[in-house]
Amino acid sequence: NSPKQSELELLNRARDKFAILDDDSKLEKLDAPDHWVKMQALQIDGEKGACGRSRTVVDASIEDCAAFDIEKNTRRHKAANFYKEGGLGFGSRKVSDHAFIYHLIIDLNIKGFAPREWISKIVWHRVDADTLELAYEDCEDSGIEDKGYVRANAHTLITFTRLPAAGGVPQTAVTFSSRVSLNGVDRKSVV
């Protein structure tokens, strides 16, 4: 079952949006919390928010990586720490076999800052036998009641690329690219 045309268009918009990160000379290196991760960021002139890219290699198949990324947006996964870490609410709704709407509300615990809300359409696509992509894009959803939260913006593209196995263990290169605006704080630290 293939993604719909609109879903492929969302993936293409994500690829276009993050093409600016392909020129490493424009990017500022950031300190990563893990020495296996390479992080870079870019403040784009005239735009709110910041843009960043993280890269690493993980001991898992591309399918397991993509499944984990989708699974982390479920109630079962969020139940452990979500509400302890400022989470106020979340939900998801299946749109097709390749897409769903994800709704997230978080109190960032910043004095004077109202909670932020994200509503995203998430699309996954197998590009070829060795590559899977997930793209997140802001969207509207008439099924979500407006409770007055500040709408934050985020666009994300995650690419999982199969590498040769190491000692029989699957290897995947993960590239996480994201543009984030909290609509009030626009620093590279939010990426």
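Visitor: Which pattern does the chain follow, read along the sequence?
Guide: Helices (H or I, at least four residues) and strands (E, at least two) are DSSP runs, numbered from the N terminus. The chain has three helices and 10 strands. Read along the sequence, their pattern is α-β-β-β-α-α-β-β-β-β-β-β-β.

Visitor: What kind of model is this, and at what pLDDT do side-chain atom pairs count?
Guide: Residues are numbered from 1 along each chain as its sequence is written, and side-chain values use heavy atoms, with hydrogens and water left out. This is a predicted model, in which totals for chains, interfaces and linings use all residues, local features need pLDDT of at least 70, and side-chain atom pairs count only at pLDDT 80 or more.

Visitor: What percentage of the 191 residues count as buried?
Guide: Buried means under 20% relative accessible area, exposed means over 50%, and partly exposed is in between (1.4 Å probe, protein chains only). Of the 191 residues of the chain, the buried share is 43%.

Visitor: Which residues touch the most other members of the largest nonpolar core?
Guide: A nonpolar core is a set of buried Ala, Val, Leu, Ile, Met, Phe, Trp, Tyr and Cys residues joined through side-chain atoms within 4.5 Å. The largest one has 23 residues, and those touching the most other members are Leu104, Trp118, Leu134 and Phe160.

Visitor: Which element gives the most to this core?
Guide: Two or more residues each come from α2 (62-71), β5 (99-106), β6 (116-128), β7 (131-138), β9 (153-166) and β10 (169-181). With four residues, the element that gives the most is β5.

Visitor: How many residues make up the second, separate core?
Guide: Phe18, Leu42, Cys51 and Ala135 are among the members of this core. The number of residues in it is 13.

Visitor: How far apart in space are lysine 17 and serine 177?
Guide: Lysine 17 is found in helix α1 and is partly exposed at 27% relative accessibility. Beyond four places in sequence, it is in contact (heavy atoms within 4.5 Å) with His155 and Arg179. Lysine 17 and serine 177 are 160 residues apart in sequence, yet their C-alpha to C-alpha separation is 9.6 Å.

Visitor: Which side chain is joined to that of glutamine 40 by a polar contact?
Guide: Glutamine 40 lies in strand β2 (residues 38-42) and is buried, with a relative accessible area of 8%. A polar contact is a pair of N or O atoms within 3.5 Å; within protein, one must be able to donate a hydrogen and the other to accept it, and residues adjacent in sequence count only if both atoms are side-chain atoms. At 3.5 Å, the partner side chain is that of aspartate 24.

Visitor: What is the C-alpha to C-alpha distance between leucine 27 and alanine 41?
Guide: Leucine 27 is in the loop between α1 and β1 (28-30), and is buried at 12% relative accessible area. Leaving aside neighbours within four places, its contacts are Leu21, Gln40, Ala41 and Leu42. Leucine 27 and alanine 41 are 14 residues apart in sequence, and in space their distance is 5.5 Å.

Visitor: What does the cover of the buried residues of α2 include?
Guide: Ile62, Cys65, Ala66 and Asp69 are the buried residues of α2. They are on the same side of α2 because they cover an arc of only 95 degrees around the axis. Their cover includes β3 (50-58), β6, β7, β9 and β10.

Visitor: What is the value of phi near which asparagine 109 lies?
Guide: Asparagine 109 is found in the loop between β5 and β6, where it counts as exposed at 59% relative accessibility. Its phi is positive, in a residue other than glycine, and is near 55 degrees.

Key. The arc is that of the directions from the helix axis to the C-beta atoms.
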